[in-house]
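Thanks for coming, everyone. Please take a moment with the model before I talk through it.

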Amino acid sequence: MVDQKYFTLNTGARIPAVGMGCWMGAPGAFDLADGMVMALKTGYRHFDTASMYGNEDVVGEKIRESGIPREEIFVTTKLPNQDHADVEGSFDRSLKKLGLDYIDLYLMHWPQGSAHFVDTWKSMEKLLETRKGKVRAIGISNFSVKTLNELLPQCKVIPAVNQIESHPFLPDWDVVELCKKHNILVTAYTPLGQANSPILKDPDVMIVAEETHASPGQVALSWNVQRGVGVLPKSTNPTRALQNLQLITLTDKQMERINNISKDPKRYGRLNYVAYNSATETVMGASIDELGWEDTRFYKAD
Ligand code: A2P
């Protein structure tokens, strides 16, 4: 079994630094059932799903069937945008679909939704009392410096996690620094840059991969974890799934090499287009300005 690295949340709970991202490119189970069985066997103990992924039932079922003690597994799910005004109802529906006794981490999936995110957060804070024991930590996702600065002064409970897109082409240092200052763990979705990722062919990533006898994917993930960011890669391939759990240690010089990649405008930008509507330049109905994404650039290959 792989010796995994853990981070400690501001609640005191431990969270594996590498989790399996459970978005499979389309809502519904897709081929997730087999992927879950493989991941659990490979050693994954952290699963990141969401109501909007439409697969909480499969995630929960495979965890239950695995026979692995529940306390050894960390489960995250997320509040969908349309339920911001019905946090308790939505939480109950997620818990029921998962079929588990509790959720380790419940995230507001996006700041935009059917209520203002400050009010949504207050409802999430209440969950810690009304659903005591059923939710262990609450957090946010896709929050920028702008939206964090609006939310944080209103918080009674500081979010445990902010999950954002992050990889060597989008280090988002400002968000990472602000979260560190407030003891909020940043976790990264799309940490490898999705299928056919330019990151995995990047010359600097390749140099470090050669130097460390690791794969480019391992370099990208290890870089994020080494700077204190958790990662949620997905792979349905057992060899790559195992690789992604096996982090390496980079030297300062190697970290610096990866840190510098995104200073090149040709190697900078978002790689997750799933939620982006290029015709309206909105992300799940919110403008880039509302989201406070200073980095509006989506990566485009030449
Ligand atoms: P596969 O499932 O065939 O391994 P992200 O997590 O950033 O969305 O990226 C997921 C994509 O990266 C998938 O296409 C996955 O394909 C691929 N992938 C996952 N792990 C690795 C790895 N270690 N090396 C290369 N590609 C990987």
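How much of the chain over residues 34-262 is helix and how much is strand, and how far apart are the end C-alpha atoms? Over that range the chain is 44% helix and 13% strand, with the end C-alpha atoms 35 Å apart, where helices (H or I, at least four residues) and strands (E, at least two) are DSSP runs. This is a predicted model, in which local features need pLDDT of at least 70 and side-chain atom pairs count only at pLDDT 80 or more, while totals for chains, interfaces and linings use all residues. Residues are numbered from 1 along each chain as its sequence is written, and side-chain values use heavy atoms, leaving out hydrogens and water.

Turning to the ligand, 15 residues surround it, the closest being Leu192, Lys234, Ser235, Arg240 and Asn244, with a heavy atom within 4 Å as the criterion. That shell divides into five nonpolar, eight polar and two charged residues.

Among the polar contacts (N or O pairs within 3.5 Å), a polar side-chain atom of Asn244 lies 2.8 Å from a ligand nitrogen atom, and one of Gln243 lies 3.1 Å from a ligand nitrogen atom.

Notes
Polar contact = N/O pair within 3.5 Å; in protein donor to acceptor, adjacent residues only side chain to side chain. Nonpolar A, V, L, I, M, F, W, Y, C, P; charged D, E, K, R; others polar.
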